Amino acid sequence: MSSAAVAGEATASRWGSVVEDWSAEKQTFHAPWGKAMMWIFLLSDTFIFSCFLVGYMHVRITAQIPWPPVSEVFALSFGGDPIPLILIAIMTFVLITSSGTMAMAVNYGYRRNKKVTVLLMLATALLGVTFVSMQAFEWTKLIVDEGVRPWGNPMGAPQFGAAFFMITGFHGMHVSAGVIYLLVIANRVRRGDYDKSGSYETVEIAGLYWHFVDLVWVFIFAFFYLW
Amino acid sequence: MSEAEGQQHPIKIYLWIWGLLFVLSALSYMVDYVGFQGYLRWGLILLFMFLKAGFIIAIFMHMMWEKMALITAILLPPSALLVLIGFMAIEGDYTWGMRDVTFSEPDFVATMPEHH
């Protein structure tokens with residue numbers, strides 16, 4: 001395999017670094033410990049959300065009564081004909097926008113621009129609150145107007161409610177926790193804690209969590225709402 | 001790479017990815033709106049989903065600029081989920097078959113909600 005070694009000088013060093021980092025008795029991840037631990041937490045969270053989504057796949061495959069037509073169930077009318085999935089589409093855009101503002105907040109943090117960082121983090125939190133509010137509206141509509149319960153609903157397979165409340169509820173809880181997390185960190189930025197410690201990596205770590213929440217929504221949107 | 005300074009990249013790249021995520025979301029919504037069915041629908045939905053997930057992880061979460069040891073430690077373990085998905089799909093088919101054979105016909109009449 002000498003050709004590969006010669007051809008892939010850059011890649012060899014990239015993969016070679018893996019061997020190097022894992023060898024000998026020393027620190028493996030050359031990242032701040034907070035960042036490495038946040039990544040490991042997010043990995044575990046990935047498995048939790050995956051269990052919910054795989055569980056949902058399983059009950060949907062095994063359901064004897066046809067699954068409710070999701071596109072119609074989540075349609076919303078603004079006076080005229082109901083538009084399919086419109087609320088979910090808006091929620092998706094709100095969450096992506098918040099991901100963008102968070103990425104910019106991290107960037108401005110490393111540029112030591114305190115004011116813009118705080119403002120962008122507050123904007124992110126506000127968009128997060130908007131998302132959760134829309135979700136609360138959606139839940140209310142489903143429970144009160146359409147009689148969806150975890151054990152049944154008038155539109156189709158009874159498993160629909162259980163899967164829906166479990167998956168979107170757990171995700172909404174993550175968004176709510178993220179809003180609190182962002183507000184706490186934004187306050188610390190405002191106070192100048194990170195000017196004293198000399199590092200804004202805490203903002204980046206909060207950003208990792210927030211982007212993960214957006215990431216999970218990408219999968220929920222595809223598998224729950226578009227299937 | 002620059003551990004001491006943290007992740008510093010030009011603003012432009014974030015704005016580009018932000019815009020791309022908007023476009024990809026709009027496209028995946030359009031797949032449902034236009035009403036594509038079958039393999040075309042699923043191919044497109046999965047394509048847009050993986051592109052969105054990839055951009056978020058690589059750029060917004062800075063995974064692209066991390067060291068290979070961290071990238072592999074975080075991104076390889078979820079591949080075990082493919083096995084779980086495969087097993088549960090096979091088992092799900094079996095369960096459905098058993099229910100089809102042993103359960104009596106469900107007497108369920110679906111009623112759709114009216115959107116006011």
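Predicted model: local features only at pLDDT ≥ 70, side-chain atom pairs only at ≥ 80, totals over all residues.
Select α1(B) and colour its buried residues, which are Tyr14(B), Leu21(B), Ser25(B), Ser28(B), Tyr29(B), Val31(B) and Asp32(B). Around them, display α4 (70–73), α5 and α9 of chain A together with α2 of chain B, against which these buried residues of α1(B) pack. A distance drawn between the end C-alpha atoms of α1(B) comes to 35 Å, which agrees with the 34 Å that its 24 residues should span at 1.5 Å a residue. Just beyond the helix, select Gly35(B), which takes a positive phi of about 90°.

Next, move to helix α2 of chain B and centre the view on Ile45(B). Is Ile45(B) buried or exposed? With 20 other C-beta atoms within 10 Å, Ile45(B) is buried, because the cut-off asks for 20 or more. Beyond its neighbours within four places in sequence, Ile45(B) is in contact with Ala222(A) and Leu226(A) from chain A, and with Ser28(B) and Val31(B) from chain B. Of these, Ser28(B) and Val31(B) are also among the buried residues of α1(B). A further distance to draw is the one from Ile45(B) to Ser25(B), which lie 20 residues apart in sequence and 9.8 Å apart in space, C-alpha to C-alpha.

Now widen the selection to the contact between the chains, which takes 52 residues from chain B and 58 residues from chain A. On the side of chain B that touches chain A, α1 (11–34), α2 (38–60), α3 (68–75) and α4 (81–102) each supply at least two residues, and the largest share, 11 residues, comes from α1(B). Coloured by class, that side of chain B shows 33 nonpolar, 11 polar and 8 charged residues.

To see the contact, select residues including Leu95(A), Ile96(A) and Met102(A) of α5(A), and Trp210(A), Trp217(A) and Phe221(A) of α9(A). The residues of this contact divide into 12 nonpolar, 5 polar and 2 charged.

Among the residues that make the contact are Trp39(A), Leu42(A) and Phe49(A) of α3(A), and Leu208(A), Phe212(A) and Phe219(A) of α9(A). By class, the contact of α3(A) with α9(A) holds 14 nonpolar, 2 polar and 4 charged residues.

The last stop is helix α6 (residues 114–145) of chain A, whose 32 residues should span 46 Å at 1.5 Å a residue, and whose end C-alpha atoms are 46 Å apart, which agrees. Its buried residues include Thr117(A), Met121(A), Phe131(A) and Leu142(A). What covers the buried residues of α6(A) includes α5 (86–110), α7 (159–191) and α9 (201–225) of chain A. Finish at Gly147(A), which follows α6(A) and has a positive phi, near 65°.

Conventions:
Residues numbered from 1 in each chain as written. Chains lettered and ligands numbered in written order. Helix = DSSP H or I, 4+ residues; strand = E, 2+ residues; numbered from the N terminus. Expected span 1.5 Å × (residues − 1). Buried ≥ 20, exposed ≤ 12 C-beta atoms within 10 Å, placed from the backbone. Contact = placed C-beta atoms within 7 Å. Nonpolar A, V, L, I, M, F, W, Y, C, P; charged D, E, K, R; others polar.
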